Amino acid sequence: MPDYVKFKASEITLTSANNVNLASVVRLLNSNTTTASTITIANSGGTIATFTLNFAGTDGSEMYLVKEPTDTLAATNGTVKAASVAYQ
């Protein structure tokens, strides 16, 4: 995890596919305290990858993701927050 990040846009709730303001680096946080969320990264060619973001209060509930600006992110459960950031 970086020591400092600069937030480039307001945080959103990640539900359907979203490029998070064309971000290259995204902070993800699962705010659900009991349920993990599956994150899907996709582009125009289809799904690139899927992974699990653990539930709040546990290791793995927050992460920083590097992606192409046009790649989209989607999350299950409707409790994942996403924000465009830059490392400082």
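Buried means under 20% relative accessible area, exposed means over 50%, and partly exposed lies in between. Keep that scale at hand for the exercises below, which all concern a predicted model.

**Exercise 1. Follow the salt bridges**

Task: Find how many salt bridges the structure holds, and work out which residues they join into one network.

Solution. 

Step 1. Start with the count: there are two salt bridges in the structure.

Step 2. Take Glu11 and look for its partner. Glu11 pairs with Arg27, and their closest N and O atoms are 3.4 Å apart. This pair ties together distant parts of the chain, since Glu11 sits in the loop between strand 1 and strand 2 while Arg27 belongs to strand 3, 16 residues apart.

Step 3. Now turn to Arg27 and Glu62. These two form a salt bridge as well, with 2.8 Å between the closest N and O atoms. Again distant parts of the chain are linked: Arg27 is in strand 3 and Glu62 in strand 6 (residues 62-66), 35 residues apart.

Step 4. Through shared partners, the salt bridges connect Glu11, Arg27 and Glu62 into one network.

**Exercise 2. Describe the surroundings of Ser84**

Task: Is Ser84 buried or exposed, and what does it touch beyond its sequence neighbours?

Solution. 

Step 1. Locate Ser84 in strand 8, which covers residues 80-87.

Step 2. Check the accessibility. The relative accessible area of Ser84 is 5%, so the residue is buried.

Step 3. List the contacts, leaving aside neighbours within four places in sequence. Ser84 is in contact with Lys6, Phe7, Lys8, Ala9, Val20, Ala23 and Val25.

**Exercise 3. Look into the nonpolar core**

Task: Which residues of the largest nonpolar core touch the most other members, and which strands each supply at least two of its residues?

Solution. 

Step 1. The largest nonpolar core has 13 residues, and those touching the most other members are Leu14, Val20, Val26, Leu28, Leu73 and Val80.

Step 2. At least two residues of this core come from each of strand 3, strand 4 (37-43), strand 7 and strand 8.

Step 3. Take Leu28 as a case to inspect. Setting aside residues up to four places away in sequence, its contacts include Leu14, Ile39, Phe51, Leu73 and Val80.

**Exercise 4. Compare two loop residues**

Task: Where do Asn77 and Thr79 lie, and how accessible is each?

Solution. 

Step 1. Asn77 is in the loop between strand 7 (72-75) and strand 8, and Thr79 is found in the loop between strand 7 and strand 8.

Step 2. Asn77 has 40% relative accessibility, so it counts as partly exposed. Thr79 has 15%, so it counts as buried.

Step 3. Look at the backbone of Asn77: its phi is near 80°, a positive value in a residue other than glycine.

Step 4. Check the contacts of Thr79. Neighbours within four places in sequence aside, Thr79 is in contact with Leu29, Asn30, Ser31 and Asn32.

Conventions. Residues are numbered from 1 along each chain as its sequence is written. This is a predicted model: local features need pLDDT of at least 70, side-chain atom pairs count only at pLDDT 80 or more; totals for chains, interfaces and linings use all residues. Side-chain values use heavy atoms; hydrogens and water are left out. Helices (H or I, at least four residues) and strands (E, at least two) are DSSP runs, numbered from the N terminus. Buried means under 20% relative accessible area, exposed over 50%, partly exposed in between (1.4 Å probe, protein chains only). Contact means heavy atoms within 4.5 Å. A nonpolar core is a set of buried Ala, Val, Leu, Ile, Met, Phe, Trp, Tyr and Cys residues joined through side-chain atoms within 4.5 Å. A salt bridge is a side-chain nitrogen of Lys or Arg within 4 Å of a carboxyl oxygen of Asp or Glu.
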